[in-house]
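Subject: Structure for you, with some notes

Hi,

Here is the structure I promised to pass on. Please have a look, and then read on for what turned up in it.

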Amino acid sequence: MSSHSPERELVDVLEGTVINGKFRIVSLVATGGMGRIYRAEQAPLGRVVAVKVLRTPSVGSDTIATEFRKRFFREASILAKLQHANVVTLFDYGRIEGLADERYFMAMEYLQGDTLALRLKKVYSLSVQDSLRMLRQIARGLREAHKLGVVHRDLKPSNIMLVPEEDGGEVVKILDFGIGKLLGTTDDDQELTQEGAFLGSPKYIAPEQVNERRVDQRTDVYALGVIAYECLCGRVPFEGQTNLETILAHTNSPVMPMAQRAPGATVPEVVEAFVRRCLEKEPERRPQSMEEVLRAISECERSLFGMASLGAMHGEAPISGRLPMTSDPGGGTLAMTPPPQPPLRPSMGTASPLTRSGTLPAPASRSRLPLLLAAALVTLTLGGFVGL
């Protein structure tokens, strides 16, 4: 890489400096197509923080730069509203002062651990008990966001961090509300989608996001269902040869039983029924809120583990196991090819290394589908928004 490249310049300019008189940049943690994440110290508190730095796109139209700024301040305003144990905490944000070019920062709590995406790459699937425990924490974080009128809209394993705790367990943190939506607002959301910035991730996108129907908290329920399916059997429910095929499958294809999607996976009927309900094409047929999702998780636990185990789980015993942290703050929104699949293994029976204790869908509307599919291709050139 040339020393004159934008990526190299970004590192050279910021490392060792103090951003806006508050955050001393210590070291680079992760990098992506549009930004960097640094380890920093906040003055005068001496607190270790993660500083996400984003550069306004230097190529393309003024519209692209404008939409970038909208997206940045959208995420910052959303995170500033959220204070919950299962959502990353935002301390400060703004434009970086004293630089010749236009860059923005967010200072957030510094999280060490690995993303769920990396965990699944390592262990392939989780036990039913671990999956339900993790899903409960995600649902609690999303419930808080929904109470504030915020829908994530891009929930996926790379936006879920598993953070080690002192007792050897882990707590779930939801990241990257960059394409989140504030319900009840008129924020040119349709325009932003048409520019290709806010489509979402093909493997986890809900049918209504593709068909330009109303997006609300049930959109996050769908994405949670995709994540649950993947955790339990090691594969997402829909994965075509191209992103276009995957997107169309979400709108048109039935959900395959887990034992067919991943031969060898053994998932209890009550759990699979819950997941399939989350994956209904029509939002009206899914759980209508995260509160309803949490009740369904409790019913699954009660059916499988009994009241004693249920009581222990509600104490939020976090998932255990620690693996190296990796993060791509600028990419991954539209992964073109899946990683090699390791041998399948059952999801029940022997617990995963993470355990501490124990109808066809209605045809999709095509009226605006070509436009959104073209938007997906534009996103590939822009790169995803940064996630911690």
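Let me start with phenylalanine 73, which is partly exposed, with a relative accessible area of 37%. (Buried means under 20% relative accessible area, exposed over 50%, and partly exposed in between, with a 1.4 Å probe and protein chains only.) Before going further: this is a predicted model, in which local features need pLDDT of at least 70, side-chain atom pairs count only at pLDDT 80 or more, and totals for chains, interfaces and linings use all residues. Residues are numbered from 1 along each chain as its sequence is written, and side-chain values use heavy atoms, with hydrogens and water left out.

Phenylalanine 73 and tyrosine 104 make an edge-to-face aromatic pair, 5.6 Å from centre to centre and with 85° between the planes. (Rings of Phe, Tyr and Trp, the last by its six-membered ring, pair if their centres lie within 6.5 Å; planes under 30 degrees apart are stacked, over 60 edge-to-face, and the rest tilted.) Because phenylalanine 73 belongs to helix H2 (residues 62-81) and tyrosine 104 to strand S6 (residues 103-109), the pair ties together parts that are 31 residues apart in sequence. (Helices, H or I with at least four residues, and strands, E with at least two, are DSSP runs numbered from the N terminus.) Tyrosine 104 counts as buried, at 6% relative accessibility.

The structure holds six aromatic pairs. In another of them, the rings of phenylalanine 72 and phenylalanine 73 have centres 5.0 Å apart and planes at 85°, so this pair is edge-to-face. Phenylalanine 72 is buried, with a relative accessible area of 0%. Phe68, Phe72, Phe73, Tyr93 and Tyr104 form one aromatic cluster.

At 10% relative accessibility, lysine 173 counts as buried. Its side chain is joined to that of glutamate 109 by a polar contact of 3.2 Å. (That is a pair of N or O atoms within 3.5 Å; within protein, one must be able to donate a hydrogen and the other to accept it, and residues adjacent in sequence count only if both atoms are side-chain atoms.)

Enjoy exploring!

Best wishes
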